[in-house]
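Subject: Structure for your review

Dear colleague,

Please find below the structure that I am handing over to you. My findings follow it.

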Amino acid sequence: MTTSALSVGKILEKLAEVSKRPRQTFVILNLISEVAGPDGRAGPWIEIDGKPIAIRDWLGIQLLPLMAKSRARQELRQRLRTTMKDELPADPEAAEKLIEQVVRERALQTNKTIISRAVTDLEAAGMIKRQYEGYLRPHVNRGAQRHAVYIVNAETRAALQRGTHLL
């Protein structure tokens, strides 16, 4: 391997330069690469149990375990118990289930922001291109029922694949 070849170490180095949260950004890069096709394209849809899910939603779900025990999430649960006390069912199990549902919805919303920032950083690092596809054809503008597609460049994909062989 030549010294100019991209490696996982060089990816991390570059992400540390361009991102305020290089670890999160690296995790998201890995997740996108995991579902990317041979051409590096991931999205706009990922199939889960035979059902299509938008890639941003799928990424948000994948990030949920990282936040499960976070202090912020625990504090949110506590605030919800207080603010929702009049709306909660009398059954403690049902009340906890409702609180967990609200926490999950908020976490998924937060994750979408995290993903957007990470992809912006990955674009700045030159590792990913983002485009949007709509109902009829590919489209570079977002909105109007268009969904994100992430394209991981070949050099980055190759470095990540080499890195997985080391594990």
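Helices (H or I, at least four residues) and strands (E, at least two) are DSSP runs, numbered from the N terminus. The peptide bond from G43 to P44 is cis, with omega near 5 degrees.

This is a predicted model, in which local features need pLDDT of at least 70 and side-chain atom pairs count only at pLDDT 80 or more, while totals for chains, interfaces and linings use all residues. Residues are numbered from 1 along each chain as its sequence is written, and side-chain values use heavy atoms, with hydrogens and water left out.

The next loop, between strand 2 and strand 3 (51-54), holds D49. D49 is not a glycine, yet its phi is positive, at about 50 degrees. Most residues other than glycine have a negative phi, and most peptide bonds are trans. D49 is also exposed, with a relative accessible area of 77% (buried means under 20% relative accessible area, exposed over 50%, partly exposed in between, with a 1.4 Å probe and protein chains only).

As for the whole protein chain, it has 6 helices and 6 strands, and their pattern along the sequence is α-α-β-β-β-α-α-α-β-β-β-α. Of its 167 residues, 35% are buried.

How do helix 2 and helix 3 pack? Helix 2 (residues 22-35) and helix 3 (residues 55-67) have their axes 11 Å apart, at an angle of about 130 degrees. Here, axes are lines fitted to C-alpha atoms, for helices over the stretch in contact, and angles run from 0 to 180 degrees between N-to-C directions. The two helices are therefore oblique to each other (angles under 35 degrees count as roughly parallel, over 145 as roughly antiparallel, 65 to 115 as roughly perpendicular and the rest as oblique).

On the helix 2 side, V27, I28, L31, I32, E34 and V35 make the contact, and they meet I55, W58, L59, Q62, L63 and L66 of helix 3; contact means heavy atoms within 4.5 Å.

Helix 2 also contains R23. This residue is exposed, with a relative accessible area of 74%. R23 and A118 are 95 residues apart along the chain, and their C-alpha atoms are separated by 9.7 Å.

Yours sincerely
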